[in-house]
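Subject: Structure for your review

Dear colleague,

I am handing over the structure below, and I would be grateful if you could read the notes that follow alongside it.

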Amino acid sequence: MVTILSWIVRYIFIAMIYYFIYSIIRLIYLDIQQINMRGRNQDYPYLKLINRKDRLGFVVQEFYDLRENETTIGRGKENDIQILDKYISTQHSKLTVDEGAYFLEDLGSVNGTYLNSVKLQDVAEVKNGDRIGIGQVEFLFVKEVD
């Protein structure tokens, strides 16, 4: 009786391991599929959400396309990117384009804007692969090479 029970436990354990591996592969596949199917304009850079907190209490899109001249980020409706995070100011920060380069500026927010984990004190140039932290969210700046 003990041997039968041990075989059952083994098979259940093996089945759980396979289900876990299947779940991870499925999540990776869905993430890649979402990147490929997002249908964004290929000419402009975008922000990609990189932190995946399960319980943020507000909705954040996976991708945000940046505008040609200026993109504002904040909690207010008048912003180009609106994020309803209580740690984000009404007008929190701004990404500006000047001669093909993108610059990040904090608009006097209470909690600050972070570029690569360093709090912004002045306007800073943003390059491909830089991390932008605003409130409880963090984005990856992606600018595909011309």
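In these notes, contact means heavy atoms within 4.5 Å. The model is a predicted one, in which local features need pLDDT of at least 70 and side-chain atom pairs count only at pLDDT 80 or more, while totals for chains, interfaces and linings use all residues. Residues are numbered from 1 along each chain as its sequence is written, and side-chain values use heavy atoms, with hydrogens and water left out.

Serine 89, in the loop between β4 (81-82) and β5 (93-98), is in contact with Gly74, Arg75, Ser109 and Val110, when residues up to four places away in sequence are not counted. Serine 89 is buried at a relative accessible area of 15%, where buried means under 20%, exposed over 50% and partly exposed in between (1.4 Å probe, protein chains only).

Strands here are DSSP runs of E with at least two residues, numbered from the N terminus, and two of them pair if DSSP finds at least two bridges between them.

Strand β7 (residues 113-115) is joined to β8 by two bridges, and leucine 115 has valine 118 as its bridge partner in β8. In the loop between β7 and β8, asparagine 116 has a positive phi of about 55° although it is not a glycine, and is partly exposed at 37% relative accessibility. Serine 117, in the loop between β7 and β8, has a positive phi of about 70° without being a glycine, and is exposed at 64% relative accessibility.

Best regards

Notes: Helix = DSSP H or I, 4+ residues; strand = E, 2+ residues; numbered from the N terminus.
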